[in-house]
Amino acid sequence: MIGAGVVGLACASTLRQRGHEVTVIDPVPPGEGCSFGNAGCFSRCSFVPLGLPGLWKKVPGWLLDPSGPLSIPLAYAPHVARWVWRLHRSTPPQRVNAIADALFPLLDSTLDQWRPLAAWAGVPELVREDGYAWAYESERAFLGDAYGRELRLKRGVRIEVLQGDAIREYEPALAPSITHLVRFPEQGHCPNPLRLSQALAARLKREGVRFVLDSAYAFEWHDRHVTRVVTASEKVEADAFVIAAGAHSHRLAAQLGTRVLLETERGYHLTLARATVMPHVPIMSAEGKFFATPMEMGLRVAGTVELAGLHAQPHYERTAPLLEGARRLFPGLSFETSSRWMGHRPSLPDSMPVIGRAPHAANAYFAFGHGHVGLTAAAPTARVIAALIAGESPYIDIAPFAPDRPAIRA
């Protein structure tokens with residue numbers, strides 16, 4: 001298993017439960033990469049892709065606004081141009097519906113798949129099903145999201161729209177300026193994503209799983225089969241290899257003959273310790289495109305998309321609009337201390353992950369590119385990977401997630 005983020009740990013846990021011996025390779029301790037700082041949502045209804053019809057009317061305004069939800073540094077724009085163009089190619093309604101149809105069965109089972117994994121790790125309290133809500137500051141913004149709501153309603157997502165006094169009854173801390181609150185009661189959240197990952201890793205270690213704190217950078221082959229993965233310190237032999245290395249996965253996939261157009265969507269968060277406002281469920285600002293999630297360590301305000309690659313220094317000024325937005329959402333908000341963070345979401349232009357066997361290596365499997373739904377899709381992805389390694393048919397159709405699909409081919 002290459003990757004000790006939440007996807008890799010879920011895969012390793014599912015494989016170990018099925019009796020496989022497992023070695024996990026990652027240069028970063030379990031759960032301390034991108035999985036550390038997510039918004040903590042088990043979002044069954046996040047099958048609506050990033051690229052929707054009309055997106056391009058909004059992008060120029062976002063880019064010109066220093067506090068907007070999207071940033072692309074000028075120097076990096078040429079590097080990301082192909083990815084952005086492919087994203088645009090995924091926005092026609094017919095394509096959007098096909099993406100939603102593919103993601104829906106993967107994400108819809110997240111809570112059913114996560115509950116037994118969390119219980120196995122000894123932390124069942126970290127999987128909660130109490131819903132979340134989206135807050136709108138205007139009728140115009142609410143109507144502007146009608147297309148996404150329609151996609152969800154057609155696939156059976158339960159949605160409740162609150163207005164007026166009903167908003168404050170549901171969440172008293174919300175600002176009076178909130179005109180609409182769209183509630184999704186069947187969603188869930190994790191109040192401490194790092195503790196969830198660490199609990200999985202701890203159980204894996206008790207089960208005899210070995211963790212190699214090193215980078216995988218090459219493979220040894222024989223007759224279309226991978227025999228070893230090469231790290232700086234050792235060569236690790238195995239019968240099967242799973243690449244779940246997040247934003248670094250495309251480099252390893254390329255060594256196995258599959259080139260994919262993977263980009264890192266750099267996301268930021270602020271965690272506000274001892275906050276005076278703690279909503280009882282995650283609340284998303286529809287205008288600001290960030291989540292405010294109640295966590296064990298405080299109120300986490302997470303969001304934004306920055307396309308700037310793997311190696312640029314964090315632009316922590318991107319967290320200032322998150323704090324401003326949180327104070328606008330919750331006028332009574334104050335806190336004692338804060339911490340800030342930046343992580344690399346591994347994203348593909350059609351908003352779908354790569355899940356399946358490597359086309360050119362009979363015993364290698366891909367599980368990466370989950371973008372904004374890594375936590376949500378981790379346990380369902382693990383079930384698929386475990387089935388493939390056992391020679392079984394996955395419980396869902398994984399053809400749309402093929403590693404060599406044209407939409408992501410580099």
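Is Glu220 buried, partly exposed or exposed, and what is its relative accessible area? In this predicted model, Glu220 is partly exposed, because its relative accessible area is 21% and buried would require a value under 20%. The side chain of Glu220 forms a salt bridge with that of Lys235, at 2.6 Å from N to O. This pair links distant parts of the chain, with Glu220 in strand 9 (residues 216-222) and Lys235 in strand 11 (residues 235-237), 15 residues apart.

A second pair, Arg345 and Glu265, also meets in a salt bridge, here at 4.0 Å from N to O. Arg345 belongs to strand 17 (residues 337-347) and Glu265 to strand 13 (residues 263-273), so that distant parts of the chain, 80 residues apart, are linked. Both partners are buried: Arg345 has a relative accessible area of 13%, and Glu265 has one of 2%. Elsewhere, salt bridges with shared partners join Arg44, Asp108, Asp112, Arg115 and Glu129 into one network.

Lys154 counts as exposed at 60% relative accessibility, while Glu150 counts as partly exposed at 39%. The search of the whole structure finds 22 salt bridges.

Turning to the strands, strand 4 (residues 132-136) is largely enclosed by the rest of the structure, because five of its five residues are buried. Tyr132, Trp134 and Tyr136 point one way from this strand, and Ala133 and Ala135 point the other way. Strand 4 pairs with strand 6 (residues 180-184) in the antiparallel sense over five bridges, and Val182 of strand 6 is the bridge partner of Trp134. With strand 14 (residues 283-285), strand 4 pairs in the parallel sense over three bridges; there, Ser285 is the bridge partner of Ala135.

The largest nonpolar core holds 73 residues, of which Met1, Trp114, Leu196 and Phe401 touch the most other members. Helix 12 (residues 374-389) gives the most to this core, with nine residues. Apart from this core lies another, of 27 residues, including Ala135 and Tyr170. Beyond its neighbours within four places in sequence, Phe401 is in contact with several residues, among them Ala102, Leu106, Met352 and Ile396.

Ser35, in the loop between strand 1 (23-25) and strand 2 (41-42), is buried with a relative accessible area of 10%. Leaving aside neighbours within four places in sequence, Ser35 is in contact with Gly5, Val6, Pro193 and Ser197.

Key
Residues are numbered from 1 along each chain as its sequence is written. This is a predicted model: local features need pLDDT of at least 70, side-chain atom pairs count only at pLDDT 80 or more; totals for chains, interfaces and linings use all residues. Side-chain values use heavy atoms; hydrogens and water are left out. Buried means under 20% relative accessible area, exposed over 50%, partly exposed in between (1.4 Å probe, protein chains only). Helices (H or I, at least four residues) and strands (E, at least two) are DSSP runs, numbered from the N terminus. Two strands pair if DSSP finds at least two bridges between them. A nonpolar core is a set of buried Ala, Val, Leu, Ile, Met, Phe, Trp, Tyr and Cys residues joined through side-chain atoms within 4.5 Å. Contact means heavy atoms within 4.5 Å.
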